[in-house]
Amino acid sequence: GLGKNCQLEGINIPVKVRSFDTFRQLCETQDDRLIKDCLKSSVTRTIHRTFPLPTPRDFWCLGKCIALSQCIWQLGFTFRQLHSEHLLMLCNAIKSVENSQGQIKELNLSLNELDIEGLNHLFNLPPHCLSTLELINLRGNHLYVLPIPQRSVLSRLQRFYFHDNEIVYNGHRPLIQALKNEAKVIRHVSFSNLSREECALL
């Protein structure tokens, strides 16, 4: 087991993570103080190209660790067969921790199986958790519409990728308008199948 002290047990959580094993082990201790101790440094941690494919339970463990940490997280889950239950578990775990401190800087969910339900869960996270977001990549999911994020989600957003989804023709207007009004530092956006009127808004 991990014992009661990460350092005594020689636990080393790398800043670049490609497996959920450590997060699962931490959650299995059911010791919030231990998790906080392991993730107390204010470093940026990157999760990218995880293997094997994550389960919803893995996302619960990740959410718990994010909420109990003082880290900034860059989450990359391209082509990981994610669906709404993954995001529901992630968000419920984060919300289960009072006074959570972890923040998300990058969120890459491209080429998955996400729909509007999953994004509703995500954008209803506590504002502090998403107020540091600089990148959102939702390319190539099953999104017919996109909920308009809270103003705090867009405040630092620099890159937003939404092409290759299933938005109806001329259906991007509310989202484009929200980005134009609230995302003051945005630099790059991508959409597919825009109408001439929507192009004029960009």
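**Group meeting: an open parallel sheet and its surroundings**

The sheet here is open and has seven strands, ordered S1-S2-S3-S4-S5-S6-S7, with parallel pairing. Strand S1 (16-17) and S7 stand at the edges, each with a single partner strand, so one side of each has no neighbour in the sheet. Two strands pair if DSSP finds at least two bridges between them. Strands (E, at least two residues) and helices (H or I, at least four) are DSSP runs, numbered from the N terminus.

Before I go on: this is a predicted model, where local features need pLDDT of at least 70, side-chain atom pairs count only at pLDDT 80 or more, and totals for chains, interfaces and linings use all residues. Residues are numbered from 1 along each chain as its sequence is written, and side-chain values use heavy atoms, with hydrogens and water left out.

Within the sheet, S5 and S6 run parallel and are joined by three bridges. Leu135 stands opposite Arg159 in S6.

Is Asn141 buried or exposed? Asn141 has a relative accessible area of 3%, so it is buried; the cut-offs are under 20% for buried, over 50% for exposed and partly exposed in between, with a 1.4 Å probe and protein chains only. The Asn141 side chain reaches two backbone nitrogens, that of Asn112 at 3.3 Å and that of Glu113 at 3.4 Å.

Val145 is in the loop between strand S5 (135-137) and helix H7 (151-154). Val145 is partly exposed, because its relative accessible area is 48%. Together with Ile116 and Tyr144, Val145 forms a nonpolar surface patch with about 290 Å² of accessible area. Such patches take residues with over 30% relative accessible area and no salt bridge, nonpolar side chains being joined within 5 Å. A salt bridge is a side-chain nitrogen of Lys or Arg within 4 Å of a carboxyl oxygen of Asp or Glu.

Now the rings. The structure holds eight aromatic pairs. One of them, Phe162 with Phe191, is edge-to-face, at 6.3 Å centre to centre and 70 degrees between the planes. Rings pair if their centres lie within 6.5 Å; planes under 30 degrees apart count as stacked, over 60 as edge-to-face and the rest as tilted. Elsewhere, ring pairs link Phe20, Phe23, Phe59, Trp73 and Phe77 into a cluster.

Notes
Patch = residues over 30% accessible without salt bridge, like charges linked within 9 Å, V, L, I, M, F, W, Y side chains within 5 Å. Areas by Shrake-Rupley, 256 points an atom, 1.4 Å probe, with all protein chains shown as cover. Phe/Tyr/Trp six-rings, centres within 6.5 Å; stacked < 30°, edge-to-face > 60°. Polar contact = N/O pair within 3.5 Å; in protein donor to acceptor, adjacent residues only side chain to side chain.
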